Structures are given as structure tokens and as C-alpha cells.
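Here is a short briefing for a first look. Keep the sequence and the 3D view open while reading.

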Amino acid sequence: MGRASRIAASAGLAIAIACIVRPSLAQRAGTDVGGQPARRKVTKLPKLTKFVEAEYPADAKAAGVEAAVVLTIEIAATGAVANVTVAQSAGADFDAAAVAAARQFVFEPAEVDDKPAPAKITYRYSFTIKEEPPPPPPPVNVHVPVPVHEETEPDHDAAPAPASPAPPAPDTVEIRGRPKARRETNQTTIRAEQARKVAGTQGDVLKVVQNLPGVSRPPVASGQIVVWGSAPRDTRVYVDGVDIPALYHGSGLRSVINSDLVSSIDLVPGAFGAEYGRGLGGLVRVETRALPRGTHGYVGADTLDGSALVSTELSERVRVAVSARQSWLDRVLSLTSAPDVGDFFPIPRYRDGQIKATVDLRKRETVDAVLLGATDDLTRTVPSPDPASTRSEANHTGFWRAYVRYTNVSDDGDTAIVTPFFGRDSSELVQRFGPTPARLDIDSTRYGVRASMRSKLGSMVSVTTGLDTLGTDSDIAREGSLTLPPREGDVAVFGQPPGDEYAADTWRTNIVDVAPHAYADVRLGPVTVTPGARFDAYLIEGSRKTPRIGQTPSIGFSRLETAVAPRLSARWELGPRLAFTAAYGTYHQAPEPEDLSPVFGTPDLALSRATHVTAGESLRITQTLSAEIVGFHKTMKDLVVRSRLANPLLARALTQNGEGRSYGVQLLLRQELWKGFFGWISYAISRSERRFDGDESWRAFDFDQPHVLSVVASQEVGRWSFGARFRYASGNPRTPVIGSTYDARNDRYDPVFGPQNSIRIPAFWQLDVRVDRSFALGETTRLLLFADVQNVTNRENAEEIVYSPSFRQRSRITGLPTIAVIGARLDF
Amino acid sequence: MKTLSLLALVSVALGAAVLVPACKPDFGERESFVDRTEVLAVRIEPPEAKPGEAVTTSLLVVSPSGPIDAPAASWAFCATPKLLTENGSVSAACLAGGVLPIGDARGGTAAVLPASGCFDFGPETQSADVRPRDPDITGGYYLPIRARVTDPSGSGDPVTAFGFARIVCNLANAPADLAARFSAEYERNTNPTLLPIEAHLEGGGTAALDSIPRGARVVLRASWRPEDAESYAVYDVASQAIVTHRESLRVSWFTTAGSFERDRSGRAEGEPETFTENVWSAPDEARTSHLSIVLRDARGGSAFATIAATTR
């Protein structure tokens, strides 16, 4: 063969060792990698069975030049090479030769849990001038999505192989239990294991959402999510594609899903694709994790609550996990805190539970059955010798969802997913301000199915078609003042009693949305374009079009509202490091069932609408350090607001005269895991405004926060882990009180207001820290102790503006001071 | 306010959580303490009337130096109903030009309720297509009467207060038979009667109001007649039936010196007692304190009294 080109055996061997060692390290440490359990078995790495020698570029060979090209090779479940891209160039000639050769490789496919699985490997093709022909090396940096479909977006998890032998990094093997959700243009994804270590989250993976770019700081003890200036109720939360009513328990202290069942969490603050709709705001997607083989679990407790999870393998094909959580913070607070804390930050008693079972039907065909449930309860009474001053509140919220997710991946990567679901949401709110009661009970049955089929049409185009249906059948009872519960745009001060007018109504609604949708991922060289469209047909039915009068039979209503929502996103890769993105979409949202009352609302409400436009740039500074900048603009129309009339028409207490707009720029500088360190800096400057149709001027949105900064950092040192989080946020707008008048009937002062939302709560900043240490207690048992200290500087952050009873004095309620949440968990 | 509780410190020592309360602002302002010229009550006689009927109004205005006799006030009917977006008792327009002037008078005035009262502030509408206004929990509708009181000292802005005349209107959204029955059964509200205030020293012993020991704790009892807790018919919009309720009564306590233990007290609908008590801590100096007691019933009726208490 003479001086022939050959794969460099030395580098290949070193990397091969890395591949073998890394999974075992991850397994021993119990580390989630890529948001998935490391205990999930990669039972076989892809093995190169047909090696094709690259043609050494003649000029380089003549000049004695050697080089190495790092390739990313996608291997189908059949073992065939599906795609080859250059991850690290060595020059055009070397690149072309390496790619041409690699395309002819044949592998024995990777296997996960003994089943063939598609894989993505990083392959270093070295051009050396040697005499002897060494055997082909095994691949390096294996990524094994199981099953997988071709991903159109860049895989940010893949790292090129080092140019020289390097110590193994922990994040090198990625196992996914299902097809990866399509990556949205403006998506921020956090791995579960990283999210757990963020200070201030108390180990709750889903609480990390509050620190992602584009998310406003929620009020203390609030689980609201405000993204890009949209109202909290305009943002949708999905678990495995199934809609749930809230991501957090009512206090905002915990998420409603056990963190150990979470694989990853995606935040899409706007301009998302055609798969999703029904919301004018953003999108939060939670993916549950694949269940590991064997028996595993944990028991944990901290100041907030206690929880446990156990998963086991019932048979070769069936695995099941059960988890539960019960809070006790309310009881801890009652022991250690002054009673007035509950006046401002009532802590409900919460609990949640999950059951997940996975059945492997055949190769690449699985069924997941999941049951989720959560409840919150709060009861408190502030007694008074004055019957007009007695306040009481009883609040119960809860939901459960049961769904079955069927997944089938064909040999060529086509993927079908069908997820039928059923569940109930309940909310019971009873309040009493003196003699006037306020009650709102909503009991909804929710059902539907989400189905999608993704097919690859050639090497450059894949098409996804789907159907997203949701039915919501609600029974609602309400009594009290029109102004309670409050709405966005209400002019009031904190603690102000609602109006003493009293009305009552019971009604029923049924809203069914059937939304077929389709989109295509078209790869045109460096540009990936994703056009899509969604057609929503809403059937809106109600039991009553006019208020009830005695025994007069009610007249119901039924109508069809339709909306076509085009979506378009594009990504232009200007090289391996730089990409530009842009996205556009229109969005629609049906009226809330509680707004369709003929007494408290308007049965004729139609769809609210929004348009999102974004443009951005992402820059990969190093392999693990990246920067992103995104500009966004949202316009909202036909928002539901209160009628401004003193005497509106019958059954027209609400109108759709609301308009909104929000715009801004967000930046994210993110360091992925590197030498035990990860973190990010996110900053958003934005403006969100509302106005009544026809008003000349805009006012600040109730949740508008022009500046939001989050700095998150975490460092592992041996078995220790240290983390810190710094947050800065502008205060929410408030309407100033410029005087007062005396109400002699109710014996109280009423505020006289200045311009709406023309002042702000003072800005917020807070530093939180976290430290944890793990102890190995045997082969598979680990004890983790952690302390999560919030507000270490004991800063008195203003959470609300309050006034004296006569409104002559103004002050602030400050948030919680230094709090240390200390806990432990035992993993087995 | 923002201090670590002892128990929290113990918790730290035990390796538990540090939990301390949020900071609740203390304005140092008691509703029962009169430190400026205030309107404490607007009494309307009769408290419930039909639009077109005459009512008289009277004011209780107190300054730190005592009650003001026949205070000068500018009176007006509020002519603008509040919008659905307004959370307070009256429309902001009634602070400006959205009123029907009655005139300036001292102490009180007499006027005829505007004939449009039930349309502007009640449930009656010009068209069946218009949403009727909602009543309060007692089934009542109220027409605001604005009193703008000039501070006799000449300092400060005028004090604005609203009295509310309960207006007799037809029922809205009720079947005709129930509406007729309601009209037959409903009895208009009358103002309660505040009986003479009784006082004794805490722990026993009578208290002569002109000779109270400095710093003494005086138990004051405000009483009313049993018939002042009137029963009344209400068209319950939830059950769409006529039900009977009994008035609750509450007392607001005010003082120009010393302090009351509670700012307000009273009896709920289910409590049969015809009195309520409060403890007044006399000032630690020899002086005359002016105590004001305002009795209100659930349907907008009121009565008031002022007494002087001298500490020696």
C-alpha cells in the first residue's frame, strides 16, 4: 500500500476508551445527562462494519501534509449512514474526501435496552501518511436518540472530538426515550440535571423557567408565568403534549410535576410553530423522562415538602414509576413565623402525584400511560369584632390528567405519535369581605387527542401533519361583585375591598377546538425554513345567553369560530458558529368559560388574536459557550376587558375592546457544562402596553417589567456543588392614589386615582445561593444534602404598594427576607 | 418588623429552616383616632326613600379639638353612575362635574331625590336590552349624596364625603309574581336609635365621664333598641326567591385623645344582643377628650352621638 492514508489509530483508540468509560462514570454518579437517566442502558454502541478509505487529497499528500476532519455521522436504526456533516474542518479538500468516504460507511446499529436505535456519532477522520494499515477505530461521542427522527436543527449537544486525546467529559452519551420535540426558533431548553442545581429553585427542575430570558419575575408566592408581556393565562403549559392548567402550585413554591419525572423543559416565549395554539402568549413544554430499567427511586424532604418516587421494571417490556408529594410549609410557617405573613402571602397546602407506565410493544413502538394530579388548598379567616371587617377565604384548586402516548418510529425515521387524554380541572374560590360573599366555582372536564405524523421527503424536506383537539366542558357558579376576581386593567390598590354589588349566576359551557396543522422543515443548504399553518375550528356552546329570570327556560347558544394561523420560521447557518433566526405567527385564543356568563361576562365573546414576529442571532463562541440575541414584537387584538359603560347592554359586561402590544430585545449568554461549571446571563429589555380600543395613549401592562436580568452559575467541585443566582427586575406598574373620599355608608375611605399604571413598585434584586453535597452509600445509593438560601443579603424588596386606611400614607410590603431551605434526599 | 424570631433561630440551630415573616408596614394610623378634621357620618332621614321623595341630611364632623357644630358644607347629588371598571363606591365623575348641586348649607340640608335615581343607580332601565345594576347583598340600591366640607380652621383642602340614600325601586330580573310579593312584603329601612352610652371602669366601678382617672381603661357600651335590628325581605338573586334577613349593626368609635381598643365593633345578623362594647384608654394627662360613636345598620341607616370625657 506504500505511503497510504489511514485513520490514526492512536487518537481513535483514546477516544474509544472515552466512549466506553463515560457511561459508567455517569451511571455511578447517578447523573442525568441530557435530561435523561444515565441508568438507561446503551447496550451496544454502533460498530463500524464497512470502512471506506478516503481519497487523500493529492496536493496535500505530495506535500506531506496530514490533517484530521471531525464529522458528525447520523446512523439510522438499520445501521446505514443517514447524514454526514463536518463538525471541524481541516480544509475543503480534506473535508470533501472525509465526507465522501463516511457516506459509504456501514454500521451495526446502536442498541438501547437491547433494541436497535438510531444514533449520532462524532467521528474523527485523520489523514496520516503511514505505511501500515491500522484497523478502523470505533466512533467517538455517541449520541443515541431512541427512537429518533432526523433533526433539522443543529444539535447543540454534539461536541466535536478533541484534536488530541482528552479526558472524558460527563456529557457525551445522550439517551432519549422518545422522539425529540421539534425545536422552536425561540426556544430555550434546560436540562433537568442543570435546572435542579440552580439556586433558588430548591431542586425543582421546572422552577428554572422563572430565570429564563423573556420571563418576568412573578410576584412572591405566585406561580404566574409572564412571558414577553403576555398575560399569565395566555401562556400554555403542556406535559408530553397534553395541556395542564398550571405549571406551579398556587404558591409558586413548587411545580406540579415531580422533578425526577422530568426530562427537559422548553420555554418558547412566542412565535412558536403550528403544532401549538390556543394561546396568545408563550409556550412551556415539559417532557417526562423515559423510565429506567431496574428498580430506582428516591425519598426526599425539605422545609417545603416531602416527596418520593419509585420506578421499577415489572417485566422485560413494562416499566412503571410512581411519585407523590405533600407540602408542610404552612405548618412550618405557623411554628416559626409571625402570623401576619399569611395576611400577604398565604401558603396553600399542596400535594401532587404521578404515575407513569411504559410498555414496549415492539421494536421502536412504545406506549406510555401517564396519570398526573395536583391539588392546592387554602383556608384562612381574619376574624374581627366588626362584622363588616371579617374576612375569610377558602380556595381549592386541582386537576388531573390521564393520557396514553403511542409512539411508532419506522426504520426510515418516520414518526407517528398519538396521545389521547382525559382529565378534570376544578377551582373553588370562596371569599367574604364583611357581609358580601364572593364565590367562583369552576369544574371542567377536559378531553382531546394530539396526533402527529412526521415523514421525511428526501434528504432536505420533512413534513409533519397533525391534529390537536381539545374539549372543555365546564360547569360554573359565581356570585359576588363584578370586580372580584380582578382582571388585568382594573384600577385598584392592594387590599382594597371589592365593590359591594352582588350578583349570582350558574352556567355551563362547552368549548371544543379541532385544529389540524401541518408544517415542513425544508433544508436549503445553510438555510432551514419551516413554513406551517394551523386551522382552528372552535365550537363554543353555552347554556345561557341571557340572565336567568325565575323559571323561564334558558336560551343557550352555539356557534363556530374559525381561525387560520400561518406560521413561518427560518434559520440561516452562516457557519458552524453563527446563525440568524426569524419567526412569524398568528395566534388565537378562545374566551375563558368564566367570561361567558350572561351576568358577569358576555356569552358572545369571540376569539382574541395576536401576531408575533421575532428575529435573532445565535453565536457559538466556544463549543460550550454561546450567545443569543432575539428581538420580538407582539400585537394583540380583541382582548377581553370590562365594559367601560355604566349601563352596558344585557349580557355585555365584558367586551373585546382591548388592544395590546409588547416589544423588546432579550439576550442570553450561556455556558454549558464545562469543567463542572454551567450558568447563564439573561437580560431582557421590553415594554408591554395595553389600551382600550380608541384610546389615544397606551398604558403599561399590569405585569410590565422593562428590565429583567438573571445571572445563574453553578460549579461542581468533587462531591460538592455550589450555585448562585442573581435577579434584577423592574417593579410592576401601579396606579397612584392622589386623594380619598369618605364613604359614610360603609365607613371607609375610597381612593382617588391618578393616571393608570403611572408609577411602579420599586425595582427588585435578590441574590440566592445553593450548596449541596452528595455521599455515596454503596453501589447505587446516594445521599444528597442541600441548603438553598434565598435573599442572602436580606434585602427588603418591595412586593406591593399599600396605603393607610385613609390613603394619606403610602408604604410598601416587602418580600420574604433571608430564607434557608434545607433538605435531603436519598437516591437508590 | 423584619426580625428573626426566636423560634427561627432555634430552627437554625437545629439545622432546620430559617423562616421569618414578611414585613407588614405599620402606618401608625388608627381609624378611631381623630387627628384632623374628618367627616365621621352622613345621616339621611329617612334612610330609604323613593326617587322624588324628600330627605334631609346631617353631618357629624369632628376635628382634634372636638365636634364641629353645624359645619359648612356644599351638597350635591351624584348624577353619574359608576362604570363597571370602577371598584369604589362612586364614580370618579362625582368628584368633579358629574353632580347635581343641591346647595351650600350648614349642618345639613333637605332635598328631593332625583326622579332618575332608579335608572341611574338602581335596577331600572330604559330598555330591556340594558343590563340592570346589581344590588348590594341586602338587595339595596343607593344614590350618593356628596358633602364637601370646608375645614373651619381654613387649613387644608375641603373634606369630601358621600352619604348614600337607599332608594326604593322596582325589582329587576325577577318574575312578576315575585316582584309583586316583594313590593308587598318589603318594609323600608328606618334609622336606628343610639341609646345613651354607658361607661364603667374596667374591673368594676362606675365612670363619671367628667372625672375619669388619667390612663384609666373605660368600658363603653353602645346600645340600640331591639327593633333597630330590623328584619327585611330580600330578593335573593342566587336562589331567585324572596328570603328574610335581619340587619347587622356596627359601631364605629372615634376619639380625639387616648385610644380605643378596637376601631369598630358590632353584631352580626345572627347575634341577638342589642349592644356592643369597647374599651377606651383615657389619656395620661388632664384634658377633655371627645368621643364619637356612630351606629350603622346593614341597609344604610345611621345614628351618632358625641360625648366629652374629662380626665383628671
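**A hairpin to start from**

Val239(A) stands opposite Val242(A), which lies in strand S14(A). The model is predicted.

**Around the hairpin**

- Strand S13 of chain A covers residues 236-239, and strand S14 of chain A covers residues 242-244; the two pair in the antiparallel sense.
- Their pairing runs over 3 bridges.
- The hairpin has 2 residues between the strands. Asp240(A) takes a positive phi there, near 50°.
- S13(A) is also joined to strand S16 of chain A, residues 283-288, by 4 bridges. S13(A) and S16(A) run parallel.

**Chain A as a whole**

- Chain A has 828 residues, and 50% of them count as buried.
- The chain holds 6 helices and 45 strands.
- Take the contacts in chain A between residues at least 6 apart in sequence: 68% of them join residues at least 24 apart.

**Confidence in chain A**

- The average pLDDT of chain A is 83, and 85% of its residues score at least 70.
- Residues 131-178 of chain A have pLDDT below 50. The model gives this stretch 151 contacts beyond near neighbours in sequence.
- Residues 1-40 of chain A also stay under 50 in pLDDT. For them the model has 102 contacts beyond four places in sequence.

**Strand S45 of chain A and its partners**

- Strand S45 of chain A spans residues 819-827, and strand S17 of chain A spans residues 296-302. They pair in the antiparallel sense over 5 bridges.
- Ala301(A) stands opposite Ala824(A) of S45(A).
- S45(A) also pairs with strand S42 of chain A, residues 782-790, in the antiparallel sense. That pairing has 9 bridges.
- Leu784(A) stands opposite Arg825(A) of S45(A).

**A closer look at Val463(A)**

- Val463(A) sits in strand S25 of chain A, residues 461-480.
- Is Val463(A) buried or partly exposed? Val463(A) is partly exposed because 16 other C-beta atoms lie within 10 Å, and a residue needs 20 or more to count as buried.
- Beyond residues up to four places away in sequence, Val463(A) touches Ser455(A), Leu457(A), Ala518(A) and Ala520(A).
- Val463(A) and Glu800(A) are 337 residues apart in sequence. Their C-alpha atoms are 49 Å apart in space.

**Where the chains meet**

- The contact takes 76 residues from chain A and 64 residues from chain B.
- Several elements of chain B each supply at least two residues to the side that touches chain A, among them helix H1 (6-13), strand S1 (38-45) and strand S14 (249-255).
- S9(B) gives the largest share of that side, 5 residues.
- The residues on the chain B side that touches chain A divide into 33 nonpolar, 17 polar and 14 charged.
- S9(B) is joined to strand S38 of chain A, residues 737-743, by 2 bridges. These two strands run parallel.
- Across that pairing, Tyr742(A) stands opposite Ala161(B) of S9(B).

**Nonpolar cores**

- How many residues are in the largest nonpolar core? The core has 62 residues. Val39(B), Ile167(B) and Leu295(B) have the most contacts inside it.
- A second, separate core has 58 residues, including Trp228(A), Ala583(A), Phe632(A) and Leu668(A).
- Leaving aside neighbours within four places in sequence, Ile167(B) is in contact with residues including Leu113(B), Phe121(B), Tyr141(B) and Leu143(B).

**An open sheet in chain B**

- In chain B, 4 strands form an open sheet, in the order S10-S11-S17-S15. The pairing is antiparallel.
- Strand S10 (198-201) and strand S15 (259-260) of chain B are the edge strands, and each pairs on one side only.
- Strand S11 of chain B, residues 217-223, is joined by 7 bridges to strand S17 of chain B, residues 275-281.
- Val218(B) stands opposite Trp280(B) of S17(B).
- In a regular strand, side chains alternate between the two faces of the sheet.

Terms used: Residues are numbered from 1 along each chain as its sequence is written. Chains are lettered from A and ligands numbered from 1 in the order in which they are written. This is a predicted model: local features need pLDDT of at least 70, side-chain atom pairs count only at pLDDT 80 or more; totals for chains, interfaces and linings use all residues. pLDDT is the predictor's confidence in each residue, from 0 to 100. Two residues are in contact if their C-beta atoms, placed from the backbone, lie within 7 Å. A residue is buried if 20 or more other C-beta atoms lie within 10 Å of its own, exposed if 12 or fewer, and partly exposed in between; C-beta atoms are placed from the backbone. Two strands pair if DSSP finds at least two bridges between them. A nonpolar core is a set of buried Ala, Val, Leu, Ile, Met, Phe, Trp, Tyr and Cys residues joined through C-beta atoms within 7 Å. Ala, Val, Leu, Ile, Met, Phe, Trp, Tyr, Cys and Pro count as nonpolar, Asp, Glu, Lys and Arg as charged, and the others, Gly among them, as polar.
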